[in-house]
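Good morning, and thank you for coming.

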Amino acid sequence: MAYSTTIDCFSIGTLFFHFGEYENAAQFLQYSLDLVKPEYYSVNHVLEFESSEVIMLLARCSVELDMVEDARRILMGHRDLAEHSDRLLNFYTHTRHVPTSWEEKPFLPLEFIQICRSSHQNKPSRLHCRYNATTTPFLRLAPLRMEELSLDPYIAVYHNVLSDAEIAEVERVIEPLLQRIGRYDETPNSMSPSKRRTGFTGPHIDDYMHVSRAPVIERVHRHIRDMTGLFMNEHLMMIKYGLGGHCDQHYDFLNASYPSTHAMGDRMATVLFYLNDVKHGGSTAFTDLQLKVPSERGKVLFWYNMRGETHNLDRGTVHGSCPVIDGSKKILSCFINELDQMFIQRTYRPGNRHSENIKEWH
Ligand SMILES: O=C(O)CCC(=O)C(=O)O
Ligand SMILES: [Fe+2]
């Protein structure tokens with residue numbers, strides 16, 4: 001618990017409460033209160049954190065545990081809540097909490113949890129670290145340090161791609177536009193939280209015109225071209241994961257399950273820019289390959305999602321983002337579409353791909 005903040009503990013306590021685990025909830029809510037320090041008042045204010053909310057939830061846990069007198073003592077101890085304590089207790093005792101059902105709990109497959117949990121080190125490979133000075137002419141002047149992690153599927157990491165100034169500028173342009181990740185419901189314009197991924201993402205498509213004109217975004221596109229030799233015509237997304245934030249294992253390849261693949265081709269490759277170091281958790285994990293890539297500031301991960309000869313999905317690319325255990329994780333992610341490469345390399349022709357619907361992604 002040494003690294004958690006008062007807000008982290010409040011979030012964990014709230015989760016336990018929703019799942020009906022009131023004793024665990026009360027413990028985390030108490031930690032949260034223990035960590036409220038006057039020097040953080042201004043930060044907590046900006047983040048709209050109120051210790052009175054923690055106290056009310058703590059009192060509610062006591063009521064659920066049939067300890068009404070404890071709940072009263074907790075409420076009476078707070079300057080603003082004391083005068084409302086009778087009304088609040090009355091409400092808590094008459095409106096018992098209905099826990100979220102087990103089916104609603106986030107579920108991560110065991111093999112994914114295992115690779116995330118282990119202090120796994122990638123197997124030493126016979127592949128080499130080298131300077132890539134050939135993908136584009138620009139790299140002859142400024143070669144990039146590259147490490148191949150796998151040849152089949154092809155996965156490579158580039159080090160020190162984005163400078164501190166570029167990262168700061170990307171954050172300045174995109175971060176204010178992030179929204180909580182959701183999944184669109186059947187009803188128009190309604191979003192519900194995604195069970196497969198937690199965190200923030202953006203910019204929203206409507207804001208993209210403004211973002212794409214920023215010089216730093218053009219420079220990111222240039223870096224992608226230098227590293228991959230491929231043409232990127234999709235929006236860049238920033239994804240921000242907080243404590244516990246994760247992304248369940250999935251394929252980026254859509255394999256004709258989305259109408260967009262008819263217009264742009266499928267997502268042939270993925271590029272992830274890591275914008276910060278994450279002390280614990282937050283690695284990108286490839287379950288089948290037993291490969292774990294930690295989030296390190298300035299590093300870029302690149303892989304092909306499809307098999308070269310057939311343009312079919314490469315099943316070895318199943319991957320996800322391990323839960324963040326300390327701090328937060330920020331990445332820029334982008335997909336490289338097949339049809340954007342039509343002047344660069346051979347693209348998919350109808351008939352040579354085995355199409356199947358992939359249901360494993362939202
Ligand atoms: O955050 C990560 O490491 C993986 C993100 C990812 O898989 C995706 O955006 O498709
Ligand atoms: Fe992905």
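This is a predicted model: local features need pLDDT of at least 70, side-chain atom pairs count only at pLDDT 80 or more; totals for chains, interfaces and linings use all residues.

Let me begin with α4 and α5, which are roughly antiparallel to each other, because angles over 145 degrees count as roughly antiparallel, under 35 as roughly parallel, 65 to 115 as roughly perpendicular and the rest as oblique. Their angle is about 170°, and their axes lie 7 Å apart. Axes here are lines fitted to C-alpha atoms, for helices over the stretch in contact, and angles run from 0 to 180 degrees between N-to-C directions. Helices are DSSP runs of H or I with at least four residues, strands are runs of E with at least two, and both are numbered from the N terminus.

Residues are numbered from 1 along each chain as its sequence is written, while chains are lettered from A and ligands numbered from 1 in the order in which they are written.

The crossing of α4 and α5 is left-handed; that term applies if the near helix is turned anticlockwise from the far one by less than a right angle, and right-handed applies if clockwise. On the α4 side, I55, L58, A59, S62 and V63 meet V68, D70, A71, I74 and L75 of α5, where contact requires C-beta atoms, placed from the backbone, to lie within 7 Å. By class, this contact has 8 nonpolar, 1 polar and 1 charged residues. Nonpolar covers Ala, Val, Leu, Ile, Met, Phe, Trp, Tyr, Cys and Pro; charged covers Asp, Glu, Lys and Arg; the others, Gly among them, are polar.

What does α5 meet in α6? Helix α5 spans residues 68-76 and α6 spans residues 85-94; their axes come within 10 Å and cross at roughly 140°. This crossing is right-handed. V68, A71, R72, L75 and M76 of α5 face S85, L88, L89, Y92 and T93 of α6, a contact of 7 nonpolar, 2 polar and 1 charged residues.

Helix α4, residues 51-64, also packs with α1, residues 6-18, at an angle of about 30° and with axes 11 Å apart. That makes α1 roughly parallel to α4. The contact is made by F10, G13, T14 and F17 of α1 with V54, L57 and C61 of α4, and its residues divide into 5 nonpolar, 2 polar and no charged.

I turn now to the sheets. One is an open sheet of 9 strands in the order β1-β2-β3-β14-β10-β17-β8-β7-β4, with antiparallel pairing; two strands pair if DSSP finds at least two bridges between them. At the edges stand β1 (129-132) and β4 (179-180), each with a single partner strand, so one side of each has no neighbour in the sheet.

Within this sheet, 6 bridges join β2, residues 144-151, to β3, and a hairpin of 2 residues links the two strands. E147 has V157 of β3 as its bridge partner. Strand β3, residues 154-159, is in turn joined by 4 bridges to β14, residues 300-304, again antiparallel. There A156 stands opposite F302, and Y158 has V300 as its bridge partner.

A further open sheet has 4 strands, in the order β9-β15-β12-β13, and its pairing is antiparallel. Its edges are β9 (247-250) and β13 (291-293); each has a single partner strand, so one side of each is left without a neighbour in the sheet. The twist averages 15° from one strand to the next. Helix α7, residues 110-117, packs on this sheet, touching β9, β12 (284-286), β13 and β15, and its direction makes about 125° with that of β12. The pairing of β9 with β15 has 2 bridges, and C247 stands opposite S321 in β15.

Finally, which residues are around ligand 1? They are I239, C247, D252, L272, T284, H319, S321, I331 and S333, a residue being near if its C-beta atom, placed from the backbone, lies within 6 Å. The elements giving two or more residues to this shell are β15 (319-321) and β17 (329-337). The shell divides into 4 nonpolar, 4 polar and 1 charged. Thank you for your attention.

Note on methods: Two residues are in contact if their C-beta atoms, placed from the backbone, lie within 7 Å.
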